[in-house]
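Here are a few notes to read next to the model. Have it open while you go through them.

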Amino acid sequence: MESVHSFGATLGIEYAATHGHRVAGLIYCSGLGIGWSIHRATYKARQAQRLTAAERTRSDELAARNRTWDEEVEWRTLSWLPDFVDPGRARQWAASDASTPLALNLACNRAFNAETSAWTADDEISRWSAVTCPVWIVHGEGDPRPADGPRTLASILPDAGIHEIADAGHQPWRERPDVVAQILTAVAAHASGPS
């Protein structure tokens, strides 16, 4: 059983399509689904709407230059702030994640984005419909990444279910840990089979 999040979910579904005999099941959390090139503009618009004009300007300024560590934390915070629904805790969570002292591999991100931007929805459907293991798709309804892609993915897989979680964004386990725990309990029961 594999559990993957965000772009890792894309890697997970690709791996399951290529090496299905090695994957017993997949929990696909907050992934992009099918047709990201179609949904990217909606994501960018939603992300921008969740920031103030001053925050958008500052984020653009920081993105365009070499940053000190404090500026890096500020830029990451602004980049990840829109991923949360809870306005009372969004900044705290984004800042906590942003201050983790690990470098972001921007060259790797650019390479992944270049490769996946060339994929069409038809390409993804052709490859990913080969996935035969059970797939549990978890997506926060407040994730700025549209749920259309994960819904389409669920519709083409032979053994998949989708759980859209209200009042949760890109990290649903933080905003709705109770609901995520229920889903994981159900997944574990399904994976262990009848007792």
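1. Buried here means under 20% relative accessible area, exposed over 50%, and partly exposed in between (1.4 Å probe, protein chains only). Helices (H or I, at least four residues) and strands (E, at least two) are DSSP runs, numbered from the N terminus.

2. Some ground rules: this is a predicted model, so local features need pLDDT of at least 70, side-chain atom pairs count only at pLDDT 80 or more, and totals for chains, interfaces and linings use all residues. Residues are numbered from 1 along each chain as its sequence is written, and side-chain values use heavy atoms, with hydrogens and water left out.

3. Take strand 2 (residues 26-29), which is covered on both faces. Leu26 and Tyr28 are buried on one side, Ile27 and Cys29 on the other.

4. Strand 2 runs parallel to strand 3, joined by 4 bridges (DSSP has to find at least two bridges for two strands to pair). Tyrosine 28 sits opposite isoleucine 137 in strand 3.

5. Strand 3 (residues 135-140) also runs parallel to strand 4 (residues 160-165), with 6 bridges between them. There, glycine 140 faces isoleucine 165.

6. Now helix 3 (residues 53-63), where Glu55, Ser59 and Leu62 are buried. They lie on the same side of helix 3 because they cover an arc of only 65° around the axis (taken from the directions from the helix axis to the C-beta atoms). Ala54 and Asp60, on the other side, are exposed. The buried residues of helix 3 pack against helix 4 (69-80) and helix 5 (90-98), with contact meaning heavy atoms within 4.5 Å.
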